[in-house]
Amino acid sequence: MDRAQILLVGLPLFLLCTDLIHLFTPPPPKHPHHPHPHHQPHPHPHPHPHPHPHPQHHHHKQPPVVAHETLEAPTQKPVVGGIGLGSTVKIDFCSSCSYRGNAVTMKRMLETQFPGIDVVLANYPPSLPKRAVAKLVPVFQIGVVGIVLGGEQIFPMLGVRTPPWYYSLRANKFGTIASTWLLGNALQSFLQSSGAFEVYCDDELVFSKLREGRFPGEIELKDIVGRRLANADISNMLS
């Protein structure tokens with residue numbers, strides 16, 4: 001194989017290995033952040049006053065020592081009770097659709113409006129058939145690249161007559177490989193996306209993007225969760 005063929009084979013294989021590593025590598029665990037304690041500065045001792053040259057005639061009183069107090073911002077105490085205490089909101093979103101930003105925005109809004117509420121973010125995976133087909137796309141890409149580069153040896157080894165369409169693909173090796181790779185990646189991205197943004201409040205579905213065909217507004221979601229929490233409080237009081 002000449003240098004051009006090595007480059008054409010090596011580049012798609014490198015991109016495939018990169019895609020597989022990102023696909024099967026689990027996200028790193030998030031380590032809790034422990035704030036460092038504030039170090040209070042030690043007050044500097046006051047210098048001793050210089051003695052008077054004639055202490056027997058003049059008596060000077062030493063000024064009172066004033067303790068220096070460090071001014072620190074009051075630390076925020078954990079929420080002991082709140083309107084959302086004991087309730088859980090779960091947002092299942094499509095991570096491959098770049099919906100994480102919307103989910104984080106909704107999480108911060110709910111935690112601000114309903115102190116004490118627990119907001120959980122999770123990925124909403126696509127259906128099982130779509131995931132199975134997505135796993136086969138890299139195999140198809142590698143097969144096309146192998147046939148384009150070594151079809152003259154592969155077909156005789158299989159005992160198959162070389163088809164006419166092979167010569168058309170071989171005439172433009174780089175274009176065929178690039179098109180196969182780009183189209184395969186686009187197809188794989190489509191198969192891995194679910195397009196979901198589902199909101200559950202205490203295990204009850206309160207908003208579904210798959211059903212509504214749109215994202216919820218911040219005010220709309222706040223009202224939905226607020227009504228759900230109010231109904232839950234009334235039910236608890238009656239029971």
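1. Asp92 has a relative accessibility of 9%, so Asp92 counts as buried (buried is under 20% relative accessible area, exposed is over 50%, and partly exposed lies in between, with a 1.4 Å probe and protein chains only). The side chain of Asp92 meets that of Lys90 in a salt bridge, at 4.0 Å from N to O. For a salt bridge, a side-chain nitrogen of Lys or Arg must be within 4 Å of a carboxyl oxygen of Asp or Glu.

2. A word on the model itself: this is a predicted model, in which local features need pLDDT of at least 70 and side-chain atom pairs count only at pLDDT 80 or more, while totals for chains, interfaces and linings use all residues. Residues are numbered from 1 along each chain as its sequence is written, and side-chain values use heavy atoms, with hydrogens and water left out.

3. Lys90 itself sits in strand S1 (residues 88-93); helices (H or I, at least four residues) and strands (E, at least two) are DSSP runs, numbered from the N terminus. Lys90 is partly exposed, because its relative accessible area is 36%. Not counting residues up to four places away in sequence, Lys90 touches Val120, Ala122, Glu198, Val199 and Tyr200, where contact means heavy atoms within 4.5 Å.

4. Glu198 belongs to strand S3 (residues 197-201) and is buried without a salt bridge, the nearest side chain of opposite charge being Arg211, 6.9 Å away. On charge, Lys and Arg count as positive and Asp and Glu as negative, while His and the chain ends are not counted.

5. What does the side chain of Glu198 reach? The backbone nitrogen of Leu210 lies at 3.4 Å from it, and a polar contact of 2.4 Å joins the side chains of Glu198 and Ser208. A polar contact is a pair of N or O atoms within 3.5 Å; within protein, one must be able to donate a hydrogen and the other to accept it, and residues adjacent in sequence count only if both atoms are side-chain atoms. Leaving aside neighbours within four places in sequence, the contacts of Glu198 include Lys90, Asp92 and Tyr124.

6. The structure holds six salt bridges. In one of them, Glu111 pairs with Lys107, the closest N and O atoms being 2.9 Å apart. These two residues are four apart in helix H2 (residues 100-113), so about one helical turn separates Glu111 and Lys107.

7. Arg170 is partly exposed at a relative accessible area of 34%, and Glu152 is partly exposed at 35%.

8. Ile154 is placed in helix H3 (residues 128-158). Together, Ile154, Leu158 and Val160 make a nonpolar surface patch of about 260 Å². Patches are made of residues with over 30% relative accessible area and no salt bridge, like charges being joined within 9 Å and nonpolar side chains (Val, Leu, Ile, Met, Phe, Trp, Tyr) within 5 Å.

9. Finally, the overall picture: the protein has seven helices and four strands. Of its 239 residues, 24% count as buried.

Definitions and conventions
Areas by Shrake-Rupley, 256 points an atom, 1.4 Å probe, with all protein chains shown as cover.
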